[in-house]
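Q: I would like to learn how to read helix packing in a model. Where do I start?

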Amino acid sequence: MSPVARRAKRRVPAAKGRRSSIGLALAGGGPEGAIYEIGALRALDEAIDGLDLNTLDVYVGVSAGAFLAANLANGLTPAQMCRAIVKHEPGEHPFVPETFFTPAIGEWARRGLSVPRLAFEALWQFAKNPRDRSLLDSLTRLSRALPVGIFDNAPIREYLRAIYTIKGRTDDFRELERRLFVVAAELESGRSVNFGAAGHDHVAISRAVQASSALPGLYPPVEIDGKLYVDGILNHTMHAGVALEAGADLVLCVNPIVPVDVSSVPIDVEHGPEELVERGLPTVLSQTFRTLIHSRLTMGMEHHARSHGDADVVLLEPGRDDHRMFFTNIFSFSARRAVCAHAYERTRRDLRARFDDIAPILGRHGLSLNRRVLEERRELWRGVGLEELPGRRLPVRDEPTLARLEGALDRLEQALRD
């Protein structure tokens with residue numbers, strides 16, 4: 001068990017005869033983080049007897065975690081979400097990472113059209129008093145023409161609205177049978193806002209998730225009731241405290257954002273250079289972001305242990321040696337499946353290794369960690385009703401022509417991504 005999780009163990013047993021309130025907190029992590037969390041959730045769903053991830057007392061999600069928490073509260077099972085990654089089920093909308101990466105053409109155009117006006121204003125200010133500021137200082141006004149988001153997050157809202165308005169699901173917090181909190185940060189004040197709480201439960205779930213995942217620089221802020229909101233991860237990584245404040249006795253947490261450690265465990269040859277700096281600016285920024293986020297998570301978990309000593313918090317996350325999570329390109333069909341299956345296996349392995357620590361915690365809340373299930377040889381895709389063959393798109397059929405076509409599609413997507 002990680003030191004953070006150990007310090008958050010419950011110290012005071014629940015009152016005799018009272019049913020424990022169980023919550024789930026899911027962190028962000030982008031599309032790859034969402035896919036990792038889906039695999040981890042499926043492992044928890046199988047391994048914990050008495051746990052129904054669709055009937056918990058409280059759900060808390062931030063960014064990509066908000067997307068999954070809302071799905072669970074709306075009755076979508078981990079098995080359904082696993083299948084949605086690789087297969088279009090009738091009546092459902094497939095989960096495709098491309099939904100998260102639609103270029104914000106409108107934002108680019110609007111900002112681009114402002115360049116002539118901003119340039120004129122900058123030159124005019126310099127001409128009025130050239131001794132007060134340099135020309136370069138005046139031209140910094142042009143920075144206002146930079147887009148506030150590279151990608152458009154409206155498709156995310158539209159995708160969620162589509163899946164929440166079928167089969168008796170709902171896009172309204174007030175119509176859910178379970179409590180759902182989607183956390184975003186108000187841009188002007190920097191304060192966290194819990195959509196789904198009183199006073200903020202009139203906002204559509206799909207719009208709240210859009211706001212919660214609006215990471216500055218990648219997506220533009222989302223306007224709700226005249227205020228602008230951005231990714232809730234800016235204040236806290238997990239927001240498990242929201243579930244604790246809502247009265248949860250046990251909070252299961254899944255976090256996919258962990259910095260990679262290549263100092264002691266070399267990267268596999270297939271992943272390229274071992275030095276992160278040799279992989280360019282995106283890799284360095286990713287490592288920096290992950291390190292900052294995970295450091296805040298550690299401090300947050302320690303705070304929960306002090307402020308809610310009568311509650312249990314169990315954290316599951318990748319290890320720092322988990323190169324697959326750091327370097328995988330989820331735009332490839334096969335890699336997308338591999339990340340989900342990897343998360344499933346990694347979580348099962350983590351539960352086996354920490355069995356003696358986690359089982360008593362779950363037992364205090366009427367749950368049982370099933371050792372037999374954890375020790376069985378299981379495959380994710382067979383368990384959710386699909387067959388898995390490495391390097392093949394699903395559903396799998398043993399046809400050479402189809403196999404070659406799907407392999408070509410994988411290589412094409414990788415080439416376009418590169």
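A: This is a predicted model. Two packed helices are described by the angle between their axes and the distance between the axes. Here, helix α2 (residues 30-47) and helix α3 (residues 64-73) have axes that come within 8 Å and cross at roughly 40 degrees. That angle makes α2 oblique to α3.

Q: What is the handedness of the crossing of α2 and α3, and which residues make the contact?

A: The crossing of α2 and α3 is right-handed. From α2, the contact uses Gly30, Ala34, Glu37, Ile38 and Leu41, while α3 supplies Ala64, Gly65, Leu68 and Leu72. By class, the residues in this contact are six nonpolar, two polar and one charged.

Q: At what angle do α3 and helix α9 pack?

A: α3 and helix α9 (residues 205-212) pack at about 160 degrees, and their axes are 8 Å apart. Angles over 145 degrees count as roughly antiparallel, so α3 is roughly antiparallel to α9. The crossing of α3 and α9 is right-handed. Ala66, Phe67 and Ala70 of α3 meet Ile205, Val209 and Ser212 of α9. The residues of this contact comprise five nonpolar, one polar and no charged.

Q: Which residues is Glu46 in contact with, leaving aside neighbours within four places in sequence?

A: With those neighbours left aside, Glu46 is in contact with Tyr344, Arg348, Val373 and Arg378. The side chains of Glu46 and Tyr344 are joined by a polar contact of 2.5 Å.

Notes
Residues numbered from 1 in each chain as written. Predicted model: local features only at pLDDT ≥ 70, side-chain atom pairs only at ≥ 80, totals over all residues. Heavy atoms only, no water. Axes fitted to C-alpha atoms, helices over the stretch in contact; angles between N-to-C directions. Helix = DSSP H or I, 4+ residues; strand = E, 2+ residues; numbered from the N terminus. Parallel < 35°, antiparallel > 145°, perpendicular 65-115°, else oblique. Left-handed = near helix turned anticlockwise from the far one by under 90°. Contact = heavy atoms within 4.5 Å. Nonpolar A, V, L, I, M, F, W, Y, C, P; charged D, E, K, R; others polar. Polar contact = N/O pair within 3.5 Å; in protein donor to acceptor, adjacent residues only side chain to side chain.
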